[in-house]
Amino acid sequence: MKNTGPWWIRIPVVFFIIIGMMEYFINSGDMPAFIEYPIIQFFMLLVLLILIAIELIVTSIENVMFQTLSEEAKERYLTAKAKRSEWTWGKNMYKKLTGNKAIEEEGEIVLDHNYDGIRELDNKLPPWWVYMFYATIIFAVVYMLRFHVFNGYTQKMEYEQEMIEAKTALEAYKKTAVDLVDANTVELLTDPADLEVGKNVYTANCIACHMADGGGGIGPNLTDENWLLGGGIKNIYSTISEGGRDGKGMVAWKQSLKPSQIAKVASYIISLQGTTPANPKAAEGDIWIAEETP
Ligand code: HEC
């Protein structure tokens, strides 16, 4: 049999290769596949059991065959097996990398000075260290040419690139998380599609008191520049979300409308500014002056 290492290396290696391939090929979104699809845990258990079973079968076949051997062949088999499990490749590699001389060979490298019995070995630098040192030299040359001679990208460019990427990621996130707005972060929407949604929300919920054209009835006129509870997108958002003053009849719409809907209907109301409703209610409240205007 080929030298494939002891079972306690073989089983985990094969097991994790299979898991790795599964994670790679199964599309499970952000979550690892075995969490997303619990059936995979069962599958993994099955794989593990099969691997163990294979090991057991191979070992018992080996045992049976061993019993059929002659005494002399048994001997040969056992010595070969002992050698095999020493993992000679790893040992040789280790020796090569450290470059150690065996104690018996130290006589070859002892230097000829001797201070009160203290002698010195002329050990070579360990090859693993020397190769790493060469690697740093090559790296330095490549780095210097790339960034100092041929002027590769700078840290500033890297930073700006990452900021651009972050911005697009943020935009994409905002699109999927429209309901994250609140009275502090809401911004005036001008996209006709958004205003259309706002108009639909308004028609469905608000015209009983504010009239279809915003002229006002039970509730105040929404088309003039006077506001009881403050104008501007942030105040209007917060009025719709939290409701008006107690007992006036304007409820807190956050119970039934999503934040994105409130933002859109608030923007729609602002788009009514300056229109002339059929039956405008007299102005109530103060004229709102936007903070931005000096
Ligand atoms: C039951 C009647 C009623 C309904 C329905 C209603 N409102 Fe009101 N709304 C009022 C009243 C009354 C006020 C005045 C509140 C106050 O004085 O505190 C008001 C105030 C407002 C204000 C503030 C006006 C200002 O001058 O500051 C806005 C904005 C507003 N409503 C938007 C809406 C929107 C959007 C809807 C639909 C989602 C809606 N309202 C549904 C009765 C209503």
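## Basis

The model is predicted: local features need pLDDT of at least 70, side-chain atom pairs count only at pLDDT 80 or more, and totals for chains, interfaces and linings use all residues. Residues are numbered from 1 along each chain as its sequence is written.

## Domains

The chain is split into domain 1 (7-86) and domain 2 (192-287). These bounds come from an automatic or database domain assignment. Taken over C-alpha atoms, the domain centres are 69 Å apart.

## Ligand shell

The shell around the ligand holds 25 residues, and Cys-206, Cys-209, Gly-219, Gly-244 and Met-250 come nearest. A residue is near a molecule if its C-beta atom, placed from the backbone, lies within 6 Å of it. Two or more shell residues each come from helix H8 (192-205), helix H9 (207-210), helix H10 (232-242) and helix H11 (259-271). Helices (H or I, at least four residues) and strands (E, at least two) are DSSP runs, numbered from the N terminus.

By type, the shell has 16 nonpolar, seven polar and two charged residues. Here Ala, Val, Leu, Ile, Met, Phe, Trp, Tyr, Cys and Pro count as nonpolar, Asp, Glu, Lys and Arg as charged, and the others, Gly among them, as polar.

## Nonpolar core

The largest nonpolar core has 16 residues. Such a core is a set of buried Ala, Val, Leu, Ile, Met, Phe, Trp, Tyr and Cys residues joined through C-beta atoms within 7 Å. Buried means 20 or more other C-beta atoms within 10 Å of the residue's own, exposed means 12 or fewer, and partly exposed lies in between; C-beta atoms are placed from the backbone.

Tyr-237, Ile-240, Ile-262, Ala-263, Val-265, Ala-266 and Ile-269 touch the most other members. H8, H10 and H11 each supply at least two residues of this core. H11 gives the largest share, six residues. Leaving out residues up to four places away in sequence, Ile-269 touches Gly-214, Leu-222 and Ile-236. Contact means C-beta atoms, placed from the backbone, within 7 Å.

## Hairpin and loops

Strand E1 (residues 110-115) and strand E2 (residues 118-121) pair antiparallel over three bridges. Pairing requires at least two DSSP bridges. Asn-114 stands opposite Arg-119 in E2. Two residues lie between the strands, and Asp-116 takes a positive phi near 45°. Asp-116 counts as exposed because it has 4 C-beta neighbours inside 10 Å.

Asn-151 sits in the loop between helix H6 (127-149) and helix H7 (155-176). Its phi is also positive, near 50°. Asn-151 is exposed, with 8 other C-beta atoms within 10 Å.

Terms used
Two residues are in contact if their C-beta atoms, placed from the backbone, lie within 7 Å.
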